[in-house]
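Please have the sequence and the structure open while I talk.

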Amino acid sequence: MKNLWKKSIERYGYPKVYITIFLILLLIIAVIQKQSIPDLLIDSLIRIGMNSILVLAMVPGIVSGTGLNFALSIGILCGILAGCIAIEMRLVGLTAFLVAVLINIPLAVVAGYLYGLLLNRVKGDEMTVGTYMGFSMVSLMSIGWLVLPFKNPDMVWAIGGRGLRVTITLVDKYDKVLDHLIKFKVFDRNLPIGTLIFFGICCLLMWLFLRSKTGAAMIAAGDNQKFAEASGINVNKQRMIGVIISMILGGIGIIVYAQSYGFFQLYQGPLMMPFVAISAILIGGATAKKASIGNVISGVILFQALLTISLPVINKMMPEGNLSEVIRIIVSNGVILYALTKMGGNE
Amino acid sequence: MMSTKIELNDKKEKKYDIKQLIVRNSVPIMFIVICLGGTIASKLGPAYVLNELIARLDRNLLLVLSLIIPVLAGMGLNFALVIGAMAGQIGLITIKIFDIGGLPGILAATLIATPFAIIFGLGTGSILNRTKGQEMITSLILGYFAMGLYQLVFLLLMGTLIPVKDPEIILPGGIGLKNAIDLNLIKYSLDKIWQPAIMGVKIPVVSFIIIAFFCAVIWFITRTKLGQDFRALGQDINIAKVSGIDVDKTRLIAITISTVLAAWGQIMFLQNIGTLQTYSSHEQVGMFAVAAILVGGASVTKATIGEAILGTILFHTLFIVSPNAGKNLLGDSQIGEFFRAFIAYGVIAMSLVLHAFQKTIMSKAKRD
């Protein structure tokens with residue numbers, strides 16, 4: 001037994017093992033509380049799909065050696081901007097979603113390129129710089145949302161006629177276009193098959209990319225900079241590619257998130273979003289230097305299932321206050337903290 | 001021939017010096033310009049601005065000062081200041097429970113907060129000792145993590161494990177502290193001891209004497225053997241190690257001093273505000289203090305008392321005037337508010353970037 005414990009810690013790392021145990025405990029309590037287990041599982045599945053691409057966006061950053069992308073909010077801002085432009089063009093349905101994704105790509109490429117230029121000059125401090133670059137861009141864009149010349153009355157404040165609303169609803173636009181793309185009902189609830197398939201395709205593309213020539217060069221650059229340089233790889237270029245892909249995926253990620261959630265959240269909304277994605281991939285067993293598609297899939301499943309299931313279970317145990325939110329803060333930051341201490345130990 | 005060459009060199013150096021002086025002080029100079037412009041655009045009277053500024057200095061200076069020592073010791077900006085602030089709030093919540101008001105209340109809160117702050121400081125220090133080179137991101141995340149633990153304690157354990165029943169501070173269900181706790185019992189108890197008004201500007205003399213005392217203490221610490229050790233660590237951690245300084249222990253002391261000062265700073269802050277937002281008073285403490293000291297011209301590796309004072313004045317002037325300035329210039333006070341948030345985050349980001357540039361240049365020079 002002790003051996004098994006040791007082996008599983010060695011193989012999966014502390015965060016994954018502890019979170020799995022915690023999740024199983026919550027499920028047992030849920031059964032005792034007579035919560036509707038199918039509902040909990042379907043809710044989890046919806047939230048897993050919702051967050052999946054954002055977590056996937058962490059992979060190119062990590063493998064290219066720029067660490068955890070704390071500035072993913074920059075990509076998220078590009079995605080929200082693209083999503084709003086699609087609404088401004090009065091598009092609906094799948095067309096709107098696809099147009100938003102297409103508009104996002106050039107925006108994220110430009111933003112990622114500029115951010116990449118910066119990151120290549122601050123090697124070793126990417127995470128600290130990234131966090132505050134992300135924060136400052138979110139507040140700069142808050143001014144942007146107020147002054148950008150959007151006209152569609154569905155998005156602009158009713159009074160004054162200027163400035164975008166704090167939450168922009170996607171009902172009658174492209175709400176749930178992916179989630180409900182393929183109708184498949186279980187227990188009278190729609191499963192988000194479309195979103196999950198989209199996630200699967202993205203994972204597959206990422207998997208193929210990492211095995212392509214460019215991908216291999218990127219992994220080499222991230223693994224050992226000096227060695228990569230010696231074997232003729234342009235490390236800065238590889239890091240740049242990693243950052244740009246991460247930003248593009250961040251943008252697509254928020255559009256996928258919004259279609260499932262039903263809203264875009266502007267202003268301070270994207271501020272802490274990178275932290276959620278980072279915790280998820282770390283729970284999946286990634287480190288600041290190594291990540292795989294497997295880490296993404298298991299991480300997003302464990303973390304989002306934990307968040308979804310803990311809400312009703314803990315609220316039933318402790319109706320006062322919002323303890324489930326507290327648990328989210330502790331788990332999410334605790335996991336990041338653990339990864340940071342691990343990183344220091346390796347150096 | 002020789003002499004002209006030397007002269008030329010001299011001239012070059014002088015020019016470089018002036019240029020460097022402006023470059024070195026570019027951040028405060030820029031902010032002085034922004035603040036003056038903002039004050040004029042806000043159309044607020046000078047008496048109002050001064051009064052507000054004095055109150056904000058009274059509230060914030062000690063918190064900003066608490067950042068100096070970790071910077072000297074090469075640990076960067078201590079974003080985990082919020083952990084110290086929490087210790088201060090623990091002290092205040094305790095005196096609220098025992099209903100000790102006035103000056104004795106402040107003293108009691110300080111006494112209760114100090115051991116907590118020391119323990120928290122040692123804890124923070126030992127984690128930062130395991131993440132050398134990544135102190136700033138670690139202290140930031142540690143701050144968030146501690147906020148979670150703090151909420152857990154005061155939402156769940158108050159009224160259950162910690163037997164407090166007072167309906168004035170406990171939620172109606174009997175478990176957990178209320179969101180806002182009235183601190184009228186100690187409000188202004190330091191400020192109002194002697195508060196003469198000079199030309200319509202009220203000055204809390206005793207509070208400023210306390211702040212001046214802590215400035216002197218920090219100045220004194222930097223001149224002791226301990227202060228020398230801090231500076232040695234800040235210059236080069238490896239050389240410090242070789243020269244026989246106990247690196248980990250010195251870093252622990254630096255961060256503990258910072259945490260204790262932050263706890264006392266938060267008590268001063270809240271005695272002026274008069275209401276404790278149980279779950280959010282401490283949230284922005286680290287960020288605002290860090291932004292303030294950077295605006296004053298400090299950097300990740302260099303900070304002085306003067307920079308802390310100048311920075312607090314400039315940063316908080318910006319805070320006072322930006323909503324009105326935004327309204328008058330752009331027709332929307334919200335723009336001013338977002339602008340100051342952008343300034344706070346932006347100045348931190350820029351300073352971190354500059355620090356990283358310097359590091360890269362230095363390591364390149366070393367390699368060559």
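Where is Gly200(B) found? Gly200(B) sits in the loop between strand 2 (197–198) and strand 3 (201–202) of chain B, where helices (H or I, at least four residues) and strands (E, at least two) are DSSP runs, numbered from the N terminus. Gly200(B) is exposed, with 11 other C-beta atoms within 10 Å; here a residue is buried if 20 or more other C-beta atoms lie within 10 Å of its own, exposed if 12 or fewer, and partly exposed in between, the C-beta atoms being placed from the backbone. From the C-alpha atom of Gly200(B) to that of Ser281(B), 81 residues apart along the chain, the separation is 29 Å.

Before going further, a word on conventions: this is a predicted model, in which local features need pLDDT of at least 70 and side-chain atom pairs count only at pLDDT 80 or more, while totals for chains, interfaces and linings use all residues. Residues are numbered from 1 along each chain as its sequence is written, and chains are lettered from A and ligands numbered from 1 in the order in which they are written.

On confidence, the model scores ipTM 0.87 and pTM 0.88. Chain B averages a pLDDT of 86, with 95% of the residues scoring at least 70, pLDDT being the predictor's confidence in each residue, from 0 to 100. Among the elements of chain B, the highest mean pLDDT, 94, belongs to helix 6 (residues 102–129) of chain B, and the lowest, 59, to helix 1 (residues 2–24) of chain B. Over residues 1–8 of chain B pLDDT stays under 50, and the model has 0 contacts beyond four places in sequence for that stretch; two residues are in contact if their C-beta atoms, placed from the backbone, lie within 7 Å.

Now to helix packing. Helix 3 (residues 46–65) of chain B packs with helix 11 (residues 247–273) of chain B at an angle of about 170 degrees, with their axes 7 Å apart. That makes helix 3 of chain B roughly antiparallel to helix 11 of chain B, since angles under 35 degrees count as roughly parallel, over 145 as roughly antiparallel, 65 to 115 as roughly perpendicular and the rest as oblique. Axes are lines fitted to C-alpha atoms, for helices over the stretch in contact, and angles run from 0 to 180 degrees between N-to-C directions. Among the residues that meet are Leu62(B) and Leu63(B) in helix 3 of chain B, and Trp264(B) and Phe269(B) in helix 11 of chain B.

In chain A, helix 5 (residues 72–88) is mostly covered, 15 of its 17 residues being buried. Helix 5 of chain A is followed by Arg90(A), which has a positive phi of about 60 degrees although it is not a glycine. Arg90(A) lies in the loop between helix 5 and helix 6 (93–119) of chain A, and Arg90(A) is exposed, with 10 other C-beta atoms within 10 Å.

In chain B, Asp99(B) likewise has a positive phi near 60 degrees in a residue other than glycine. Asp99(B) is placed in the loop between helix 5 (81–98) and helix 6 of chain B.

Finally, the contact between the chains takes 42 residues from chain B and 36 residues from chain A. On the side of chain B that touches chain A, the largest share, 16 residues, comes from helix 14 of chain B.
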